Structures are given as C-alpha cells and as structure tokens.
Amino acid sequence: MCRGRDVLWARRVPPSAAGCSGIRQLGAGCPSRRAGQCGARPGCGARGHCLTWPRPRDTARHRAWHRGTAGAGSLAVPRRAELGGTWGTEGTSLLGSPGRPVGTLHKWGSSRCSRGASGAAPKHRPRRIQLTGPGGGRDPTEPRDPRPVPPRSAPCGGAGPAPPLSGSATLRLRHSPPRRAQRRGLSAPGPSRVMPCGPREPSRAMPCGTSPGAALALRVLVLCAALCAGPVRARPPPFPFWDPALPWDRRLDDLLGRLSPAELVLQVARGGAMGNGPAPPIPRLGIAPYNWNTECLRGDAEAPGWATAFPQALGLAATFSPELIYRVANATATEVRAKHNDFAATGRYGDHTGLSCFSPVLNIMRHPLWGRNQETYGEDPFLSGELARSFVQGLQGQHPRYVKASAGCKHFSVHGGPENIPVSRLSFDAKVLERDWRMTFLPQFQACVRAGSYSFMCSYNRINGVPACANKKLLTDILRGEWGFEGYVVSDEGALELIMLGHHYTHTFLETAVASVNAGCNLELSYGMRNNVFMHIPQALAMGNITLQMLRDRVRPLFYTRMRLGEFDPPDMNPYSALDLSVVQSPEHRNLSLEAAVKSFVLLKNIRGTLPLRAWDLPGQRLAVVGPFADNPRVLFGDYAPVPEPQYIYTPWRGLEMLGANVSFAAGCGEPRCQRYSRAQVVRAAGAADVVVVCLGTGVDVETEAKDRSDLSLPGHQLELLQDAVQAAAGRPVILLLFNAGPLDVSWAQAHDGVGAILACFFPAQATGLAIARVLLGEAGANPAGRLPATWPAGMHQVPPMENYTMEGRTYRYYGQEAPLYPFGYGLSYTTFHYRDLVLSPSVLPVCANLTVSVVLENTGPRDGEEVVQLYLRWEQSSVPVPRWQLVAFRRVAVLAGRETKLSFQVLAEQRAVWAQEWRLEPGTFTLFAGGQQPGQRVRAPSEVLSARFGVTGAARPLRGC
C-alpha cells in the first residue's frame with residue numbers, strides 16, 4: 001500500500017458531507033508508486049484522513065476519546081500514532097492545547113481521489129489507526145512531521161503537474177484556537193481556516209494567513225484556489241521565537257513562556273531509545289518532533305542506511321593526531337546532517353535520526369579488562385582532552401551561527417568499569433579519592449566544556465555513594481558552577497530508573513525525579529518506559545519539590561540546542577540544510593577512513609627487517625593469511641560502528657589479495673573466541689607459504705559494552721594457532737596482526753624470534769585490508785607512526801582489581817616500578833629519529849608563567865616517516881601526591897629522510913597545578929622530558945629522550961588567582 005503525506009482537515013460537520021478524499025489530494029505523493037493505486041492518479045494519497053469535531057451532543061464520546069477508551073475511529077492519546085501528517089502525543093491533544101481534544105481522527109477506506117470514477121465522496125467508515133503494515137518504505141511506528149507538505153501534482157482536477165516547490169503556494173491548515181489562547185491575543189476567534197502560505201519552509205510550520213468563510217462550499221473553493229494559485233509572499237513568523245532576527249535569549253524566553261507544564265515535562269521525559277522518543281511535537285506552535293538519541297563515535301552509528309565507518313575511537317587515539325580527529329568528526333557530522341535532512345523530509349523521527357550526538361567517550365582507560373576500553377581515547381587525561389577538543393569542534397563545525405551536529409561528552413563521571421565482572425555496572429559504586437577524581441577523571445571533561453560541547457551524559461554508577469545522575473556536586477557544583485557549562489545533561493539509557501531499581505538510592509520514581517532534576521539532569525534517556533522517571537515531575541510540581549522555573553531552566557538548553565542546529569530558522573539561512581545523501585560514503589570520506597586506519601596502526605615489534613615487505617618480490621611469492629580475523633568483516637569494526645556498503649569493506653585477506661602474490665586463506669577458528677580450532681587448516685596454509693600473516697584478537701564477542709574480559713590471554717585456542725603457524729613456517733617470516741582494544745598478553749610472540757613483526761591494528765573498520773596492504777609494503781604515507789594510547793601489562797600480576805578505583809598501580813602515571821610489556825606512547829617506525837637541542841625558556845619562571853620549549857627532530861633513517869614528539873613533566877617536589885610524570889604536549893610531525901625540523905611547544909602554568917583541596921600552583925623544581933616515548937622504558941624505540949630542568953619561584957597560590 002502506498003501512503004502519501006496527508007493533511008488534516010478540522011471542521012464541525014460530518015466528514016461525509018464534504019468528501020474528505022478531496023482534501024486527501026494535498027498529499028505530497030508516495031515514496032513508491034504502483035499502478036492502480038497512487039501512481040495511477042497524480043496527487044492522490046492511498047488513504048484520506050479527516051478530523052471531525054465532536055458535536056455538542058457527543059460529549060460522552062468526547063470524554064471517552066480523551067481517556068483513550070472510545071470505540072472504533074478513536075485515538076488513544078498517549079501513544080506514538082501516525083495521524084496523517086501530524087502526531088498524537090501525551091498531554092497534547094491533536095491540533096489543540098494540552099488537555100483539550102479537538103476532534104477524532106478517522107481513516108477512509110477509499111483510495112480514490114474525490115473526482116474518481118463515480119465522482120462520489122467515499123462512504124464514512126471510521127476505524128482505529130493501524131500502526132503496522134505497509135508504509136511506502138517508511139517505518140510506520142515513527143512519527144511524521146506535523147508540518148504539511150506542498151502538493152506535487154495537480155489537486156483540482158488533475159490538469160497537470162503542480163507548480164514547482166520554489167515559489168509555489170503552500171497550504172497550511174489549523175484549528176480554531178482555544179478560548180484561552182484567544183484571551184491572550186495569540187489568534188483571532190473563528191471557525192477552522194484555510195491559509196495559503198508562501199514558499200515551503202520545511203524547518204517549521206506556522207499559520208501564514210486567514211481566509212474567511214463558514215460554508216463548506218466556500219472552504220473547498222478557497223482550498224482549491226490556494227493550491228492552484230501562483231506564488232504567495234510568506235508572512236512574518238507568528239511568534240517571536242520563530243524570528244531569526246531576534247537574539248537567542250529573547251526567542252527562548254518567548255518559546256518557553258508559551259509551553260504549558262505538561263508540554264515542558266514531555267520535552268525532558270522523551271530523550272529517546274526504544275520508543276521513549278522522540279520529544280513530541282507541539283503542533284499549535286509548529287514545532288516538530290526531535291529525537292535526541294544519536295551515536296556518532298566514529299561515523300553515523302546505528303542510524304538507518306549506510307554510513308562511512310572510521311576506525312574505532314581507541315585506534316583514532318593511537319594516531320596522536322588532533323587534526324585527523326577533527327577531520328573524522330567533521331566528516332561524521334556531514335553524514336549525520338545529510339541523513340537527518342533526508343529523515344526529516346520524509347517525516348522519520350525514530351532512534352538515531354537526530355543531530356545531537358552521544359559522543360565522544362572521555363572515560364579514562366584505567367583498567368585493561370574493561371569491556372568499553374575501545375570507545376575511549378586511552379588512559380591519559382591530557383591526550384583525551386586534546387582529542388576531545390578536536391572531536392567536539394570538528395563535529396559541531398565552524399559556522400558562526402549554526403551547529404552541524406551537537407556533541408555530547410560521556411560518561412560523566414568516574415566510569416571505567418566494571419561492566420559485568422565482578423559486579424554489574426548498573427549498581428556499581430565507584431569510591432574515589434577527591435585527588436584522583438580531580439587529577440584523572442575530570443580534566444578531559446573540562447576540556448570538553450571549553451571546546452563548546454552542547455551536552456554531557458551522566459553515567460550509570462554512583463560516585464562515593466551518590467548516583468552520577470542525581471549528583472549535585474558533579475552536575476551543578478563542578479560542571480556548571482566551576483566550569484561554566486550552559487548546555488544540557490542527558491542520562492545514560494535507563495540510568496534514572498536505576499537510581500531506584502539498581503542503586504536503591506531512592507524509593508520511588510517521584511523521589512528519583514526530584515533528586516535528578518534538582519541535581520542538574522535535563523533529559524531522560526530511558527529503557528523505553530513511557531511512564532518513566534520524569535513523567536512524575538507533574539506530581540513533584542504540585543507538591544512543590546520542583547519549581548516551575550526549575551523545569552523551564554531544564555528545558556531551556558534543549559531548545560537552545562535545537563535553535564543552534566537551525567530547526568527554527570529558514571532552511572536557506574543554514575548551509576547545512578543543503579547537505580544531501582550524495583555526501584554519504586563519498587570518495588573523500590572513504591579515503592579519510594583509509595588514511596585514519598593507516599595512521600592508527602602501531603608497530604610493536606620488527607626484527608631482521610621483516611617489514612616492510614618488498615613489493616617487487618611479491619608476484620612470485622605465496623602468502624598465507626590465517627586466523628579468525630583474516631576474512632570476517634563483522635569482527636573488524638568494534639562496537640558503536642556505522643554500517644558501510646559491503647563493497648567498501650576490505651578484510652585482511654581481500655586487501656592482501658591486491659598485492660599480486662598468490663594468497664591463500666585458513667581461518668582455523670570460525671569466530672574470535674576460538675573454542676573450536678582446526679589445526680590442520682592452519683598448518684597446511686602456513687607450511688606452503690613464503691610469508692605468513694596471522695590475524696588474531698578479540699572483537700565484540702569478547703570485549704564490548706556490558707562484557708568485560710576475565711584475563712589478558714588471547715581468546716580460546718588463538719595462542720595455539722599462532723604457535724602452530726610459526727612452527728609450520730619453519731623460519732619463514734611470520735607477521736602477527738592484532739585486532740583488539742584492551743591489551744593482550746602477547747609476551748610469547750614478543751619474545752619468540754619466529755614472529756618477525758607485530759602490528760597493533762585495533763578495530764580499523766571498513767578500510768582494514770587496504771590499510772594493512774599499504775602499511776606492510778611501507779608505501780608513501782604508510783610508514784607506521786601510531787603510538788599506544790594505553791599501557792599493556794606484562795601479565796595478570798600487574799592488573800589490579802577492577803572495582804578498586806585508586807589510581808595507584810594504574811596507567812603510566814602511577815604504574816609502579818615493574819616494567820609493562822608495552823608502555824604508553826610506545827611505537828616503532830621503518831625509519832629512525834634523533835633528538836637534539838632541547839631548550840627551555842625561561843629556565844626560571846614565576847609561579848603563574850608559561851614555559852616555552854623547543855627541540856630539534858632529525859630523520860636519520862632511509863625512509864620518509866612521521867614521529868610523535870612527546871613532552872612529559874615531572875614534579876621534583878610537591879606538597880601532595882602527584883603522577884610520576886605527566887604528558888603535557890605532543891605533536892605528530894612528518895619528516896623527510898635526512899631532513900630535520902625545529903619544533904616549539906608551550907607548557908601552560910595550569911599543567912603544573914596540583915590538587916590540594918583546590919587547584920594550586922607551587923614553586924619548586926621540575927623536569928621536562930622530550931622524545932618519541934616516555935623516559936626510562938625497558939621496551940623502547942631506538943631514539944633518545946632528552947631532559948632539562950627548570951625552576952618556579954614565588955609563593956604557592958590558587959590557580960584561579962593567576
């Protein structure tokens with residue numbers, strides 16, 4: 001069945017008297033036309049829709065309709081029902097004010113236009129709206145845009161195509177305003193009116209004019225005249241909040257002043273997820289639905305349709321390139337915006353169709369076994385903060401007025417495991433020292449505020465006994481008070497319900513609503529519960545536990561975000577409105593995905609010149625690609641991954657086949673857990689090859705959201721597979737490719753000479769095979785320069801308990817004396833680098849002054865390459881415990897073979913601050929290290945690490961005093 005976008009006609013006469021299907025011709029056409037239905041009659045929708053006003057004698061049925069208990073032809077208000085061009089929502093009756101139903105929706109059985117074969121109006125056959133069934137390629141459970149769409153074909157006799165959208169007349173219909181609105185002077189009293197409008201403005205719906213007339217015949221004539229007339233100049237917006245010339249604050253004041261308490265509650269209660277969204281429309285104000293539930297971690301994840309898949313976040317962190325992160329985020333926002341434009345144009349408002357992203361993830365990778373390590377930017381607060389700044393700015397764009405897609409930093413805060421081992425994340429209490437909270441778990445989130453993020457997501461856990469989403473110290477005192485954040489806070493999915501159900505912190509949803517709203521939470525993302533926590537706000541208002549002004553304050557940043565996204569301005573003012581689906585998976589984005597994958601790879605081992613392979617030797621060689629990651633696209637993406645078209649996905653086997661060698665394949669294991677292993681397959685393939693590439697790792701089967709690992713081991717029989725491949729290769733080169741996020745115990749491979757090279761690939765997504773082929777050959781721009789964003793322990797004896805949140809023994813900043821397998825910041829290259837001439841200026845500086853650093857970097861090897869220059873600061877004296885050293889600057893820089901470059905950095909005074917009940921700057925002696933890695937590491941790159949000391953004079957003082 002083909003469905004057009006029908007317009008509702010509000011009137012006080014029985015529908016059969018007017019021929020509702022005549023109004024049905026206002027449909028915008030059908031997504032798919034079939035002969036004999038829509039395609040046979042231009043401008044004819046598959047079903048007509050009529051809105052009939054209950055007559056005075058129908059008061060009993062009127063009451064039943066409002067209660068949702070009427071019979072056939074009625075609509076129960078509190079459900080996601082398509083209303084033929086508008087949408088029914090809780091607390092807002094169809095085309096009316098809150099609590100004032102204006103009519104009953106009927107659907108007509110005839111699919112013919114009013115001027116059909118018989119010329120007769122269809123018989124009055126009301127029936128309840130169907131929420132399932134054919135929808136012309138559209139999910140029928142998703143709400144439609146309440147704004148009418150201009151006709152695409154002649155509505156008054158079928159004389160030919162309608163005028164083009166540009167400059168054509170658009171018809172808007174509205175109901176008679178409630179008496180309360182008349183008293184306020186918002187509109188004049190009178191019966192339903194037909195109003196011709198100016199050019200279509202899909203970003204908003206508003207009454208554009210009036211056309212008097214009480215008789216039905218006159219209404220029909222006016223309707224046809226409006227549809228067939230030429231261009232009509234649009235009138236000014238009816239409400240100040242629609243006026244783009246006004247300041248944002250004035251527009252927000254006007255909008256919020258027009259919303260009833262019931263409407264305000266629905267805006268904060270409908271954050272999305274599994275039927276709990278979108279935020280409902282407000283038809284009387286022309287406001288469309290909006291879905292807040294969108295994931296943009298490294299591409300448009302989980303949204304309908306294809307999208308470019310960039311490497312997982314931890315792999316992007318390994319690039320140590322804020323500039324690359326910016327470009328990836330900007331490309332992600334371009335696709336999110338383009339798809340959103342298409343969703344909005346077709347009235348789709350389901351999950352993951354909006355523009356407000358729950359990204360980036362800024363939790364510290366404090367434990368190697370945490371299931372969500374892959375979503376983070378690693379273990380260092382400074383690195384995470386710098387990458388977060390680039391991501392937020394790239395996602396939101398640089399337009400002075402409009403935001404391409406809004407960022408949301410999560411999970412706030414002290415959230416880094418466990419997921420499910422040894423206890424559930426849904427009830428976990430993270431007990432953290434104030435010093436660790438301030439120096440490790442908060443700095444990257446403050447960087448997110450400084451970058452201009454529009455939202456934060458509060459986490460599932462408690463922090464020292466208080467749930468994060470009801471934590472006033474976190475959401476109000478720190479976030480808004482200390483940092484000046486003015487955006488909104490959304491709960492993690494179900495986090496508000498879990499305050500009572502998981503943490504037992506409250507006893508009722510009412511108590512939970514009071515605690516979370518007053519603490520600073522703006523928006524509830526629930527488990528799909530319709531009667532969720534924030535739906536109890538009306539009771540809290542009545543009891544005085546939440547003030548109406550507090551509720552307005554919580555709604556304000558939600559609408560401010562939507563305004564900055566351009567929803568309430570004419571589309572032609574917003575350049576992002578012009579983005580269409582042609583930009584999705586564009587060649588530029590696919591090339592960027594390949595570049596990001598290449599730059600994310602970390603070379604962990606390379607002995608006897610195993611890599612790069614020599615391209616001229618490959619045509620006559622046999623190459624074996626073995627392991628569960630060799631040709632399984634599903635395991636190469638990680639979680640929260642966009643879905644690209646299959647033709648753009650390159651597995652290791654597919655990519656290596658392009659090298660010209662004779663490539664064979666043997667999985668050995670069918671999936672990453674490798675519980676069933678075929679040794680014969682691997683031995684046969686490896687024994688017959690000149691070069692063996694072994695592809696091992698974890699994938700979402702082993703580590704992901706809600707799934708921690710129990711140890712560092714390669715899963716199942718994977719280590720046995722590697723050992724069999726090395727034995728079968730009998731001294732021929734074996735290259736180990738690792739696809740994982742959390743560190744793995746590959747100490748056997750690191751120590752065994754039979755493994756010539758180890759390359760950490762993380763989850764490279766769609767360009768995996770292409771990137772591997774380029775890096776293994778060492779092509780131009782593919783000399784590996786990724787660096788580990790987290791420490792890899794040497795064994796489980798170096799892994800502390802997951803639930804212990806002290807930083808002692810965790811991350812490179814507090815690791816301890818025993819060396820890890822691979823340190824943070826480590827990575828090799830196909831070339832070599834030399835550092836010299838480290839200069840600190842001044843060598844003695846006042847307590848509030850910044851330090852300037854310069855160093856010379858030289859490429860002393862035979863190949864062009866990139867180096868990640870890293871600067872670390874060490875406190876020689878401190879009044880409180882501090883990290884052993886701290887990353888304070890880094891830069892990824894390309895240097896041609898035999899050339900050198902002089903680099904300059906600035907270390908800010910605040911980077912020397914320590915937490916002593918407040919942020920303080922102290923005098924003393926400090927050491928600055930500069931090199932391509934941390935100082936004093938057992939496993940290290942061949943380049944040196946330079947050091948120099950500087951002094952800070954003056955009295956200790958609060959940082960805010962500088």
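Reader: Is Phe-568 buried or exposed, and what is its relative accessible area?

Author: This is a predicted model, where local features need pLDDT of at least 70, side-chain atom pairs count only at pLDDT 80 or more, and totals for chains, interfaces and linings use all residues. Residues are numbered from 1 along each chain as its sequence is written, and side-chain values use heavy atoms, with hydrogens and water left out. Buried means under 20% relative accessible area, exposed over 50%, and partly exposed in between (1.4 Å probe, protein chains only). Phe-568 is buried, at a relative accessible area of 0%.

Reader: What kind of aromatic pair do Trp-242 and Phe-568 form?

Author: The ring centres lie 5.1 Å apart, with 50 degrees between the planes. Rings of Phe, Tyr and Trp (its six-membered ring) pair if their centres lie within 6.5 Å; planes under 30 degrees apart are stacked, over 60 edge-to-face and the rest tilted. The pair of Trp-242 and Phe-568 is therefore tilted.

Reader: How many aromatic pairs are there?

Author: The count covers the structure. The total is 28.

Reader: What kind of pair do Phe-241 and Phe-568 form?

Author: Their ring centres are 6.0 Å apart. Their planes stand at 75 degrees, so the pair is edge-to-face.

Reader: How many residues apart are Phe-241 and Phe-568?

Author: Phe-241 sits in the loop between α4 (216-228) and α5 (248-258). Phe-568 sits in the loop between α16 (548-564) and α17 (587-600). Helices (H or I, at least four residues) and strands (E, at least two) are DSSP runs, numbered from the N terminus. The pair links distant parts of the chain, and its separation is 327 residues.

Reader: How far apart are the closest N and O atoms of Arg-425 and Glu-705?

Author: The two residues form a salt bridge. That is a side-chain nitrogen of Lys or Arg within 4 Å of a carboxyl oxygen of Asp or Glu. Here the distance is 2.9 Å.

Reader: Which residues are linked with Arg-425 and Glu-705 in a network of salt bridges?

Author: Arg-425 is buried, at 11% relative accessibility, and Glu-705 is partly exposed, at 21%. Their network also includes Arg-372, Glu-375 and Glu-419.

Reader: Which ring does Lys-410 lie over?

Author: A charge sits over a ring if NZ of Lys or CZ of Arg is within 6 Å of the ring centre and within 35 degrees of the ring normal. Lys-410 is at 5.1 Å from the centre of the ring of Tyr-640.
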